[in-house]
Amino acid sequence: MKLIIDVAYQSNEAKVVGGFFEDWSDDVMLKQSSKIVGNVQEYVSGEFYKRELPCILEFLKDVPLDEIELLIIDGFIYLDDEKKYGLDAYLYDSLDQRIPIIGAAKSRFYSNTKYVEEVFRGESTKPLYVSAIGIELQEASLLIADMFGKYRLPNLIKQVDTATKNTWIIQ
């Protein structure tokens, strides 16, 4: 099973949403769950992982990780061409490097060009910025490119993204 995770913030709380799916061609998730996490740290420029990583790890406490073969996160593995760790790399290490992670970000991180591929989907002229750890970058890019949906964001990623922004009711 694969898992897409996204996080949204409101005041000092975070809503973490996870969408579970089996096949890259799926247009419907097997299930979706969410969790509200309190006492979230303030955002610090260049240290976003300190805010988001604890929220994701709290969500993952309720997930049977031995059943997860891959994670997709709205973020980056590395922040620059010198491999400065981003959220996804910290998460990978926190999971003892057992679960490959694909970063699928909607905006570019200005100093990272070596470890990111632009993936154009549908008729969009704006790419997704894909990075990967525990899986080859080219393979990760092809997987994201081939996900179901005719728009820039694959349908499943869009569903999780939308769910984080909807009301703060636990699903």
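Predicted model: local features only at pLDDT ≥ 70, side-chain atom pairs only at ≥ 80, totals over all residues.
Residues are numbered from 1 along each chain as its sequence is written, and side-chain values use heavy atoms, with hydrogens and water left out.

**Aromatic rings**

I looked up ring pairs, taking rings of Phe, Tyr and Trp (its six-membered ring) as paired if their centres lie within 6.5 Å, with planes under 30 degrees apart counted as stacked, over 60 as edge-to-face and the rest as tilted. The structure holds six such aromatic pairs. One of them joins Phe21 and Trp24 edge-to-face, at 5.5 Å centre to centre and with 80° between the planes, and both Phe21 and Trp24 are buried. Another is the tilted pair of Tyr78 and Tyr85, with 6.2 Å between centres and 50° between the planes; Tyr85 counts as partly exposed, at 27% relative accessibility. I also noted that Tyr78 and Tyr85 belong to one aromatic cluster with Tyr49, Tyr90 and Tyr115.

I then checked for charges over rings (NZ of Lys or CZ of Arg within 6 Å of the ring centre and within 35 degrees of the ring normal). Arg51 lies over the face of Tyr9, at 3.8 Å from the ring centre, and the charged end of Lys31 sits over the ring of Phe20, 4.9 Å from its centre.

**Salt bridges**

I counted a salt bridge where a side-chain nitrogen of Lys or Arg is within 4 Å of a carboxyl oxygen of Asp or Glu, and by this rule there are nine. Glu118 and Arg108 form one of them, with their closest N and O atoms 2.6 Å apart. Because Glu118 lies in strand β6 (residues 117–119) and Arg108 in the loop between β5 (101–105) and β6, this pair ties together parts that are 10 residues apart in sequence; I took helices (H or I, at least four residues) and strands (E, at least two) as DSSP runs, numbered from the N terminus. Glu118 is partly exposed, at 39%, and Arg108 is partly exposed, at 39%.

In helix α4 (residues 155–165), Asp161 and Lys165 lie four residues apart, about one turn of the helix, and form a salt bridge at 2.8 Å. Asp161 is buried at 6%, whereas Lys165 is exposed at 56%.

**Cavity**

I searched a 1 Å grid over the protein atoms alone for cavities, sets of points where a 1.4 Å probe fits but cannot get out, with lining residues having an atom within 4 Å of a point. The search gave one cavity of 30 Å³ or more, and about 70 Å³ of space lies in the largest cavity, a volume being the space filled by probe spheres set on the points, which are joined across faces, edges and corners. Its lining includes Ile4, Asp74, Lys106 and Asp161, while β1 (2–10), β4 (70–73) and α4 each supply at least two residues. I classed the lining as seven nonpolar, no polar and four charged residues, counting Ala, Val, Leu, Ile, Met, Phe, Trp, Tyr, Cys and Pro as nonpolar, Asp, Glu, Lys and Arg as charged, and the others, Gly among them, as polar.

Methods. Buried < 20%, exposed > 50% of the residue type's maximum accessible area, 1.4 Å probe, protein only. 1 Å grid on protein atoms, 1.4 Å probe; cavity = no way out; pocket = protein on both sides within 12 Å on 5 of 7 lines; lining within 4 Å.
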